[in-house]
Amino acid sequence: MIEVDADVAVLGSGFSGSLATLIANRIGLRTVLIDISHHPRFAIGESSTPIANLVLDDILNHYGLDRLVPLTAYGTWKANYPKISCGLKRGFSFFKHDVNRPYTARIDHANELLVTANSSDEYGDTQWLRSDVDSLFLKEVKHAGIDVFEDTTISRVVCSDDEVWTLHGEKDFEALSIRADFIIDATGQAGFLRRSFGLEDNLSSLHTSSRALYTHFTGVQPWYEHFQERGGCVSEHPFPCDAAALHHVFDGAWMWVLRFDNGVTSAGLSIDMNANPVDVSVSPEDEWRSWLKQYPSVEAQFVNATLAQSPGKFIRTGRLQRSTKRVSGSNWALLPHTAGFIDPLLSTGISHTLCGIERLMKIIEQFWKTDRFALELRHYEETISSELGLVDELVSGCYETLGRFNVFSLFSMLYFAAATTYEQRRLSSPSEEFDQAFLCADDPDFRQVVKKGHSLLKRLFQERQRESQAVAEFERKISHLIAPFNSVGLCDSRASNMYRYTGAGRRRRSNN
């Protein structure tokens, strides 16, 4: 029998669980990390953002985790961790495709949208090859001398009358018993505590309904080559369109294409389930080919692509959305990706997870075993739920507009207004004092902006006036709505969908 006593037990050794473990250890708590599997392993969810890097930078510096600080920008990452695969992300790029027609670039960029997130490659964001990154974070946990139990099954969780947990399980065919005062669930979609506690879901509150089909490839051609062949002028792009979270936008679906420096490309479809439910009689491979066949220019980009060794197959999901009504209790908490998920469209996954880790670990650091601890955990729960709700509002509106790219481009400005405002507010406040919700989810004025934006969208779809007039009026109203949250030139018709720099910058630190 293996017996362990700890203050905090963390379930799940992806980057989020490993980071929470490192922080708990730095706070001075006895911590143990448990995982049903081991690394390296395939994981999806790879695109960082300026928010993600700002938050990660603040976390690492606050808790003295200096060895990981280089991961907060592309330049320092490549200089310090050249063997940990990543990709350069300068912003977001979107390209609209029509069924059975080759892509044709327009001189007015009306079927493109590029939004720059950072000023240079050096300070660029990154695509995380999760098998490498998750392994690195776990390596840091082990380097810190923290107890790690990989390939470990937890079969039963029991809470005593004095609110101490006992996790019963097995490691290498030997019985395992871990006592802990607090549990952090970083198991993501697996949702260990959700299943163990029978937590009620909150799906009925979500509007987005999408599913995914994805894998990793080698041999994917850069999109800019096909863009140029179809009359596009890359010199007018504010950054290389492939050095981005590249989106191919279809009617009823969109495709992500994320390139890593080692020749691997993450690509997948996120599909509107209302328009395209799963047909189980069609294999995932055949469904992928069917989608590509409808869009000749995208098909050409993948003509020489082959499946990468990992995962070596297509993965098709059911509905992506999940949301749990309870996010925390007096002696447990779910990290954001375990509490819920909406969709990868706006690259919110990593940044939301990091915001949640920062918030939760500050509560543990400041209020551990005090009278305010339970109250602060309830506030954490309310904040995570509010943030998921806002992401759902933003993403569901974008899905409603996938077939009308000019409207999609305008509605997406709500997200970019939220992201840039959050970045600026964070940078203008001392990092120790900043306590605002992800994407301004706790700002009632911004929530009202999003609500009004959705109302305008519904009204637009009911308009009987000419398309050009209706869209022009929608643009004017969206621009007016976001004006208090727009200091980076969003909705500027003179930009012609080419936004050259919207990033708020980054804190300058001596150890960066």
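I take buried to mean under 20% relative accessible area, with exposed over 50% and partly exposed in between, using a 1.4 Å probe and protein chains only. The model is predicted, so I keep in mind that local features need pLDDT of at least 70 and side-chain atom pairs count only at pLDDT 80 or more, while totals for chains, interfaces and linings use all residues. Residues are numbered from 1 along each chain as its sequence is written, and side-chain values use heavy atoms, with hydrogens and water left out.

**Entry: strand β5**

I began with strand β5 (residues 112–116), which is mostly covered, 5 of its 5 residues being buried. Strands here are DSSP runs of E of at least two residues, helices are runs of H or I of at least four residues, and both are numbered from the N terminus.

I then looked up the neighbours of β5, counting two strands as paired if DSSP finds at least two bridges between them. Strand β4 (residues 91–96) runs antiparallel to β5 and is joined to it by 5 bridges, with Gly91 standing opposite Thr116. Strand β21 (residues 498–499) runs parallel to β5 and is joined to it by 2 bridges, and there I noted Leu114 opposite Met498.

In the loop between β4 and β5 I came upon His109, whose phi is near 60°, a positive value in a residue other than glycine. His109 is buried, with a relative accessible area of 6%.

**Entry: helix α1 and its two partners**

Two packed helices are described by the angle between their axes and the distance between the axes. The axes I used are lines fitted to C-alpha atoms, for helices over the stretch in contact, with angles running from 0 to 180 degrees between N-to-C directions.

I found helix α1 (residues 15–27) packed on helix α4 (residues 130–143) at an angle of about 20°, with their axes 8 Å apart. The two helices α1 and α4 are therefore roughly parallel to each other, a term for angles under 35 degrees, where over 145 is roughly antiparallel, 65 to 115 roughly perpendicular and the rest oblique. Taking contact as heavy atoms within 4.5 Å, I listed Phe15, Ser18, Leu19, Thr21 and Leu22 of α1 as meeting Arg130, Asp134, Phe137, Leu138, Glu140 and Val141 of α4. The residues of this contact of α1 with α4 divide into 6 nonpolar, 2 polar and 3 charged, where Ala, Val, Leu, Ile, Met, Phe, Trp, Tyr, Cys and Pro count as nonpolar, Asp, Glu, Lys and Arg as charged, and the others, Gly among them, as polar.

For α1 and helix α10 (residues 349–367), I noted that the axes come within 10 Å and cross at roughly 20°. That makes α1 roughly parallel to α10. On the α1 side the contact involves Phe15, Ser16, Leu19, Ala20, Ile23, Ala24 and Ile27, and these meet Ile350, Thr353, Leu354, Ile357, Met361, Ile364 and Glu365 in α10. The residues of the contact of α1 with α10 divide into 11 nonpolar, 2 polar and 1 charged.

**Entry: backbone details in loops**

I checked the peptide bond from His39 to Pro40, which is cis with omega near 0°, and placed Pro40 in the loop between β2 (31–34) and α2 (50–62). The bond from Ser310 to Pro311 is also cis, with omega near 5°, and Pro311 lies in the loop between β15 (306–307) and β16 (315–319).

Last, I looked at Cys440, which has a positive phi of about 65° although it is not a glycine. Cys440 is found in the loop between α13 (413–427) and α14 (444–462), and Cys440 is buried, with a relative accessible area of 1%.
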